[in-house]
Amino acid sequence: TGVVPLPTPLQVAYQRTELTAFMHFGLQTFDGTEYGDTAKDTPALFNPTNLDATQWVSALKDAGFRQAMLVAKHSTGFCLWPSAYTDYSVRNSPWKNGQGDVVKEFTDAARAAGMRVGLSLSPWDEHYPSSSADYEAYFRNQLTKLLSNYGVVSHVMLNGFRAPTSLDWAGIVALAKQLQPDVLVFLGPEIATTGADVRYIGNQSGRASRSTSAIGAVPNGGPSNVWYPAEAPVSDRGGNWFWHPNNSVMSLGELQSIYFASVGMNTT
């Protein structure tokens, strides 16, 4: 028993993980930009030579992370799995002669290490324009593939930045939970609605405040008094989310400060 609203057991488990590692890896890794250039960047650009997802997971686990989230599709629309719904994926890249699947390599490695799996699927898509009339069907097909073919997924992130607000986001959340009953869904504030489990803190500096509460309102007609914990994202490399040769990573002292200002202030 307790005073409502109460967290679900899934939300409690999520909040107790404290740290999620985001992995941004795609065409931008190779073209040197943050948002890519869909007019120029073709799948031929994606050709890693020593990709080893077990190395990723091992390093993250040693650092204390309990959950890792791969950005399976960023706003470029390039898919890190061999999608049947677009030609803009690893299926048409030279990597492993088009037979590779980064999502599978990551999820297999994470599961073998006992790490919670998260997947991010960008609602904003520049290659298959998210303003298209049939985009919702396309997006649902992609989400269905990711939540049907890669085992248990604990967390799905659907970012709100430039996301099409015309889609039935409540229905999309319901689809995710139909496919994965134990999944938690993050929706950005631009598309948040009933059914969302995790929210955005409102900045990308990894900092909350002492007044940050896990109780809040879901926008766009959702309930006004629900357990709705926040996630406080931050890049470890000077504001960039993708690797670039001139990046320098944060110092241990900076990371410690951010930990106390995020996890210490009631966010992940």
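User: Which residues is S248 in contact with, leaving aside its neighbours within four places in sequence?
Analyst: S248 is in contact with D236, R237 and G238, where contact means heavy atoms within 4.5 Å. This is a predicted model: local features need pLDDT of at least 70, side-chain atom pairs count only at pLDDT 80 or more, and totals for chains, interfaces and linings use all residues. Residues are numbered from 1 along each chain as its sequence is written, and side-chain values use heavy atoms, with hydrogens and water left out.

User: How far apart are S248 and R237?
Analyst: They are eleven residues apart in sequence and 5.6 Å apart in space, C-alpha to C-alpha.

User: Where is S248 placed, and is S248 buried or exposed?
Analyst: S248 lies in the loop between β9 (230-231) and α7 (252-262). Helices (H or I, at least four residues) and strands (E, at least two) are DSSP runs, numbered from the N terminus. S248 counts as exposed because its relative accessibility is 56%; the scale is buried under 20% relative accessible area, exposed over 50%, and partly exposed in between (1.4 Å probe, protein chains only).

User: Changing topic. What is the strand order in the open sheet?
Analyst: The order is β1-β2-β3-β4-β5, five strands with parallel pairing. β1 (20-23) and β5 (184-187) are the edge strands, each pairing on one side only. Two strands pair if DSSP finds at least two bridges between them. From one strand to the next the twist averages 20 degrees.

User: How many bridges join β1 to β2, and how many join β2 to β3?
Analyst: β1 and β2 run parallel, joined by four bridges, and M23 stands opposite L70 in β2. Between β2 and strand β3 (residues 116-121) there are six bridges, again in a parallel run. There, Q67 stands opposite R116 in β3.

User: How many residues of β2 are buried?
Analyst: Seven of its seven residues are buried, so strand β2 (residues 67-73) is mostly covered.

User: And the β5 end: what stands opposite M157?
Analyst: M157 faces F186 in β5. Strand β4 (residues 155-158) and β5 pair in the parallel sense over four bridges. Helix α6 (residues 169-179) packs on the sheet and touches β4 and β5, its direction making about 155 degrees with that of β5. Axes are lines fitted to C-alpha atoms, for helices over the stretch in contact, and angles run from 0 to 180 degrees between N-to-C directions.

User: At what angle do α5 and α6 pack?
Analyst: Helix α5 (residues 135-148) and α6 pack at about 20 degrees, with their axes 9 Å apart. α5 and α6 are therefore roughly parallel to each other. Angles under 35 degrees count as roughly parallel, over 145 as roughly antiparallel, 65 to 115 as roughly perpendicular and the rest as oblique.

User: Which residues in α5 and α6 meet?
Analyst: On the α5 side they are E136, F139, R140, L143, T144, L147 and S148, and on the α6 side W169, G171, I172, L175, A176 and L179. By class, that contact has eight nonpolar, three polar and two charged residues. Ala, Val, Leu, Ile, Met, Phe, Trp, Tyr, Cys and Pro count as nonpolar, Asp, Glu, Lys and Arg as charged, and the others, Gly among them, as polar.

User: Then α3 and α4: how far apart are their axes?
Analyst: The axes of helix α3 (residues 53-62) and helix α4 (residues 102-112) are 8 Å apart, at an angle of about 40 degrees. α3 and α4 are therefore oblique to each other. A53, T54, W56 and V57 of α3 make the contact with V102, E105, F106, A109 and A110 of α4. This contact of α3 with α4 has seven nonpolar, one polar and one charged residues.
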